[in-house]
Amino acid sequence: MPNLTAVRPLEPWTAPTATDPVASTLRLPGSKSLTARALVLSAVADGPSTLRHPLRARDTELMAGGLRGMGAHVSTVDDERWLVRPNPLHGPAHVDVGLSGTVMRFVPPVAGLAEGPVTFDGDPHARQRPLGPLVEALRSIGVRIDTTEGASLPLTVQGSGRVLGGEVVIDASASSQFVSGLLLGGARFDRGIVVRHVGPPVPSAPHLRMTVQMLRAAGAAVDDSTPDVWVVEPGRLSGRGWDIEPDLSGAVPFFAAALVTGGGVTLLGWPRSSLQPVDTLRELLSRMGGEVTLGTDGLTVRGTGVIHGLDADLSDVSEFTPVLAALAVLADSPSRLRGVAHIRGHETDRLAALARELNGLGAEVTDTADGLEIRPRPLHGGAFRTYADHRMAHAAAVIGLSVPGIELDDVACTSKTMPEFPALWSTMVTGGDGRR
């Protein structure tokens, strides 16, 4: 089965160092998580949908391309307004997942509803990302899936045009996306879907709540009142307009810049009621010395230039780990970041990569079973490998604000979720305006 993803050249970049406190007002791209879910729900709805202010980045373009390849009409011509018109899904089709967990876990359940074969493959490291529990769950409810090695990519979903559905038992401790993928397609299964998780706690609970809330907004009947059990009744989903919030995970490095430099950063367009874990971020940054406020102008973070160490369980917000680790090596006391063993299966083994790269700059970081122990030490410039991981690049950029000479081997990996990152970051550091 061919891997159609071209090899992307590396793009070295020296992270800019701040000489003054940052004072920036930014309008950032939309949430990857919201955009991905809205695309899937729109493709299996009964009528057309509109995504307002979606994220245009590699992951979401791959999601749109995969759904388009199976027959859905997905127009992404207008950056601010994507249109989705559902059509009968069919194969043969090929889905390039790139390195995207959402594509490789959200689209196979939908492919079961297609008539004909749908193949999946992606970047080389995508074949190492956990997928087995989802494959086995889909097989248990009648989806035929052919794999060459175990239950990982590459694979082929032999769609029959319908999925029986019913109850599945799954260990989703490696990724909440296993559950979300089943739920997003479940309303269109003949019997709906009942997902029972058995195993260690499911990480990233806010993302599961997001999935449930968006399903209900599309008209699905969802019961999540029993811990570790999610029920989606079979039924029709309505096309609708989706307003995509700015991406909170993508905003974290910019907010961290306020703490590092003792400045202030405002993210425009933040809603009063959010589907993302903004309250958790507020608490974490406040404990590290920041001040977080939500006003009529947006979400603002201010710092004093002094960063405090942090002892925290990040299992619900593991995407924040690389940037919080970067803040921790610049802090005035040790930190312990816990509950994130599952991020070893992300774009790279983030715990091992963070320990290796931060220690290479002079920090004292221990890679533990479920996180990192960090003791601040004087840092120096040097090479910082990103491992094709956008969050690693964000961490390096944050350190570079305070430490001259942080040289990333590849900043273009940030195109996975924010192609504008290098330009926006440099504009913020040099005192320009990041509004769009």
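Student: Is Ser-204 buried or exposed?

Tutor: Ser-204 is buried, because its relative accessible area is 10%; buried means under 20%, exposed over 50%, and partly exposed in between, with a 1.4 Å probe and protein chains only. The model is predicted, so local features need pLDDT of at least 70 and side-chain atom pairs count only at pLDDT 80 or more, while totals for chains, interfaces and linings use all residues. Residues are numbered from 1 along each chain as its sequence is written, and side-chain values use heavy atoms, leaving out hydrogens and water.

Student: Where does Ser-204 sit?

Tutor: Ser-204 is in the loop between β11 and α6 (205-217). Helices (H or I, at least four residues) and strands (E, at least two) are DSSP runs, numbered from the N terminus.

Student: What is the phi of Ser-204?

Tutor: The phi of Ser-204 is near 55°, which is positive although the residue is not glycine. Most residues other than glycine have a negative phi, and most peptide bonds are trans.

Student: What about the phi of Asp-228, and where is that residue?

Tutor: Asp-228 has a positive phi as well, near 65°. This residue belongs to the loop between β12 (222-223) and β13 (229-232). Asp-228 is partly exposed, since its relative accessible area is 36%.

Student: Which residues does His-197 touch?

Tutor: Not counting residues up to four places away in sequence, His-197 touches Ile-170, Asp-171, Ala-172, Ser-173, Val-202, Asp-228 and Trp-230; contact means heavy atoms within 4.5 Å. His-197 lies in strand β11 (residues 193-197) and is buried, with a relative accessible area of 6%. Its side chain reaches the backbone oxygen of Ile-170 at 3.4 Å.

Student: Changing topic, which peptide bonds are cis?

Tutor: The bond from Gly-91 to Pro-92 is cis, with omega near 0°, and Pro-92 is in the loop between β5 (81-85) and β6 (93-96). The bond from Leu-153 to Pro-154 is also cis, with omega near -5°. Pro-154 is in the loop between β8 (144-147) and β9 (155-160).

Student: Now the helices. How do α2 and α3 cross?

Tutor: The axes of α2 (residues 58-69) and α3 (residues 101-111) come within 10 Å and cross at roughly 15°. Axes are lines fitted to C-alpha atoms, for helices over the stretch in contact, and angles run from 0 to 180 degrees between N-to-C directions. The two helices are therefore roughly parallel, a term for angles under 35 degrees.

Student: Which residues make that contact?

Tutor: From α2 they are Asp-59, Leu-62, Met-63 and Leu-67, and from α3 they are Thr-102, Val-103, Phe-106, Val-107 and Val-110. Of these contact residues, seven are nonpolar, one is polar and one is charged. Ala, Val, Leu, Ile, Met, Phe, Trp, Tyr, Cys and Pro count as nonpolar, Asp, Glu, Lys and Arg as charged, and the others, Gly among them, as polar.

Student: What does the side chain of Asp-59 make a polar contact with?

Tutor: It makes one with the side chain of Lys-416, at 2.5 Å. A polar contact is a pair of N or O atoms within 3.5 Å; within protein, one must be able to donate a hydrogen and the other to accept it, and residues adjacent in sequence count only if both atoms are side-chain atoms. Asp-59 is buried, with a relative accessible area of 2%.

Student: Finally, how many residues of α10 are buried?

Tutor: Eight of the eleven residues of α10 (residues 350-360) are buried, so this helix is largely enclosed by the rest of the structure. Among the elements covering them are α9 (321-329) and α11 (390-400).

Methods: Angles under 35 degrees count as roughly parallel, over 145 as roughly antiparallel, 65 to 115 as roughly perpendicular and the rest as oblique.
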